Amino acid sequence: MGRVRLVIDRQAIEVESGTTILEAAARVGSKIPTLCYLEGINEVGACRICVVDVKGKKEFATACNTPVEDGMEVRTNTPALRAARRATVEMILSDHPMECLTCIRNGNCELQTLASQLNVRTVRMSGATHADLPCDDSTSGIVRDPRKCIFCQRCVSVCSDVQGVGAIELQGHGFEAFIGPPPNLKLDETRCVQCGQCALVCPTGAITEKDETDKVWAALFDPRKYVVVQTAPATHVTIGEMFGLPVGTDITGKMVAALRRLGFDAVFDTNFTADLTIMEEGSELIKRLTEGGALPQLTSCSPGWIKYVEHFYPKLLPHVSSCKSPQQMFGAIAKTYFAEKTSRDPASIFVVSVMPCTAKKFEAARPEMDTAKRYWNNSHISQDVDVVLTSRELGRMIRRTGIDFAVLPDDEYDEPLGISTGAAAIFGATGGVMEAALRTGYELVTGKTLEQIDFQEVRGLEGIKEAVVPLNGVNLKVMVAHGLHNARHVMERLKAGELKDYHFIEIMCCPGGCIGGGGQPIPTDTEARQNRIEGLYQVDAVMKYRKSHENPAVKTLYEEFLGKPLGHRSHELLHTRYVPRP
Amino acid sequence: MHSGDADPKVVSELARSLLALVRGESCGECLPCWHGIRQISAVLDKVDNGSPVSAEELAAVGELARTVGQGAKCGVGRIGGRLVLELLSRYSSVFQARV
């Protein structure tokens, strides 16, 4: 690649050819405002906020997608540019509901920030065209409020290109154009997997998680209910961001303290059932290897991924592990084993999950996730998991109480469902489930102690990763993919019969794994994903137990209640079925 | 465009019909074109049918037209914006604030 010399805001700079004006300007200290731009994902230049003046050109250029040229003279801040940017924001605001104070994104909205930065003080135009569009709350996880849509198309790019789903598109043409599912369809009538990546990148409140905090408040103050909470591995390193802590900080102890202060009767950890998942899923893999069954085995922890397979590759469902996700295993165990052990009426137990994920709301509502009801044959028992809160919702609940999160002392989880290992901690990162499975699988199969327990090959943000692990004379071939676009590559190869010699494949719906989930704090970008992943590996490194089969509470659970992995009771409580979807 | 004595009715009719062409071609992808042409049309409609038009509205039309003319993604919006600017400057007597 050649080098290009240019001048930006009177500063001479030399950059690689192919660099955009936006990137080059940032290097000379000029931060050009943007709105629709999303690095590497949405560089369509739709909003025209990042316009710059290029000497000799009659028209403005968009900095986000215009590459630098040799000898270019760029101005990023002239009266005409300021006027154009402000006029554009004013136009957007003329068709945007001014509900900032009651909007879920109040204080964390890119349009709000931009209007403030550009000193927009009046809106001289009227005539909103979107004001009457109805809200779409048809899905369990995601709410679309098209009135607040500003046509940036980030959601479209993420849904089509990053996730390969294409549930929302730019529909229609010209002045009748809108962004959403095809006309007359609601989101739950499409192949939307409810991953929430659209909500993560939406600059405004047009796509958000479905807020269910009020249901949790009601349960917490209902004396008839015993409210237990579980926290997903990926939430342990993210919720601090909402309280000003550095991205990737391990806030496990503070989160436990905050949950206890919110009034939860027992504070447990999904990491416990992550260890349990490894016991079941690892045993399932060994069974498929030794007794036969569809190989490679695909992981099943990620509900968006499950829904994706059900829609797009129903014929390959036999490859998917029958194990429930850790969230659903927890719900089932809480309302059976834990109820029995503590002599509680299972109908009084109310299970709340804190998840990095909007699709978990869909998963909890799946009709088959009512194991406890069937186990006790008691129609008063509700779904195994009653309410799923995303990381963002828990953050809002904590804010609402005035708990000063950043200064909370560290607290410990309750026993027994709060005990976990480092293997469970890394479930939140892409490759984590694979690594956890390898740590346990190796020792279960060989009977030897695994010396080198860090599997670096499956770590990191590369889209598709592979490793070969020698296991009792067999070379176990594994693959890890994250983001559904990458998953699709894997599935196409599987469909074509190219992956017959692979044994185990981990797939996570969201880029980076659950730390990049659709329910995580906003912003979630590549840097945030990287920092959160590092945070999880640090948590793992200092844990007392780092292999799932060493978890003492899981051992007790098998001794006292389940029997053995893949046993009769495990099948009843911890395994599930999938349904092909159109 | 010539700039002789203009019949206000003819000028505003011309502006409206030219913008209608632009509206018909606008794809809906870039924001200034999408919003701008719509907002400008709304004000020009008022000029055309004799409704009250404020000085602020006309000033806003000028600013929007410049923004669209210089900043739209493609030639459709850019031409639309420039046409409006051209009309505003040549026929200022037609585009006067009216109470």
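Predicted model: local features only at pLDDT ≥ 70, side-chain atom pairs only at ≥ 80, totals over all residues.
A few ground rules come along with it. Residues are numbered from 1 along each chain as its sequence is written, and chains are lettered from A and ligands numbered from 1 in the order in which they are written. Local features need pLDDT of at least 70 and side-chain atom pairs count only at pLDDT 80 or more, while totals for chains, interfaces and linings use all residues; side-chain values use heavy atoms, with hydrogens and water left out.

## Charges

Let's start with the salt bridges (a side-chain nitrogen of Lys or Arg within 4 Å of a carboxyl oxygen of Asp or Glu). Over all chains, the structure holds 51 of them.

| Acidic residue | Basic residue | N to O distance |
| Glu14(A) | Arg3(A) | 3.1 Å |
| Glu14(A) | Arg5(A) | 3.5 Å |
| Asp145(A) | Lys148(A) | 3.9 Å |

What does the bridge between Glu14(A) and Arg3(A) tie together? Glu14(A) sits in strand β2 (residues 11-16) of chain A and Arg3(A) in strand β1 (residues 3-8) of chain A, so the pair links parts that are 11 residues apart in sequence. Helices (H or I, at least four residues) and strands (E, at least two) are DSSP runs, numbered from the N terminus.

Arg5(A) counts as exposed, with 58%.

Glu23(A), Glu39(A), Glu43(A), Asp525(A) and Glu527(A) form a patch of negative charge on the surface. Patches are made of residues with over 30% relative accessible area and no salt bridge, with like charges joined within 9 Å and nonpolar side chains (Val, Leu, Ile, Met, Phe, Trp, Tyr) within 5 Å. Accessible areas come from the Shrake-Rupley method with a 1.4 Å probe, and for residues only the protein chains shown count as cover. Lys and Arg count as positive and Asp and Glu as negative, leaving out His and the chain ends; a charge is placed at NZ of Lys, CZ of Arg, CG of Asp or CD of Glu.

## Strands

Now for the sheets. An open sheet of 4 strands in chain A runs in the order β12-β17-β16-β15, with mixed pairing. The edges are β12 (297-298) and β15 (464-471) of chain A, each having a single partner strand, so one side of each has no neighbour in the sheet. Two strands pair if DSSP finds at least two bridges between them. β15(A) and β16 (residues 474-482) of chain A run antiparallel, joined by 8 bridges, and Ile464(A) stands opposite Ala481(A) in β16(A).

Elsewhere, β10 (residues 226-231) of chain A pairs with β11(A) in the parallel sense over 4 bridges. Val228(A) has Ala266(A) as its bridge partner in β11(A). In strand β11 (residues 266-269) of chain A, Ala266(A) and Phe268(A) point one way, Val267(A) and Asp269(A) point the other way, and all are buried.

Most residues other than glycine have a negative phi, and most peptide bonds are trans. Here are some exceptions.

The peptide bond from Leu295(A) to Pro296(A) is cis, with omega near -5°; Pro296(A) is in the loop between α8 (270-291) and β12 of chain A. The bond from Ile522(A) to Pro523(A) is cis too, with omega near 5°, and Pro523(A) lies in the loop between β17 (504-508) and α17 (526-541) of chain A.

As for phi, Arg10(A) is not a glycine, yet its phi is positive at about 70°. Arg10(A) is in the loop between β1 and β2 of chain A and is exposed at 69%. Leu566(A), also not a glycine, has a positive phi of about 65° and sits in the loop between α18 (552-562) and α19 (568-574) of chain A.

Terms used: Buried < 20%, exposed > 50% of the residue type's maximum accessible area, 1.4 Å probe, protein only.
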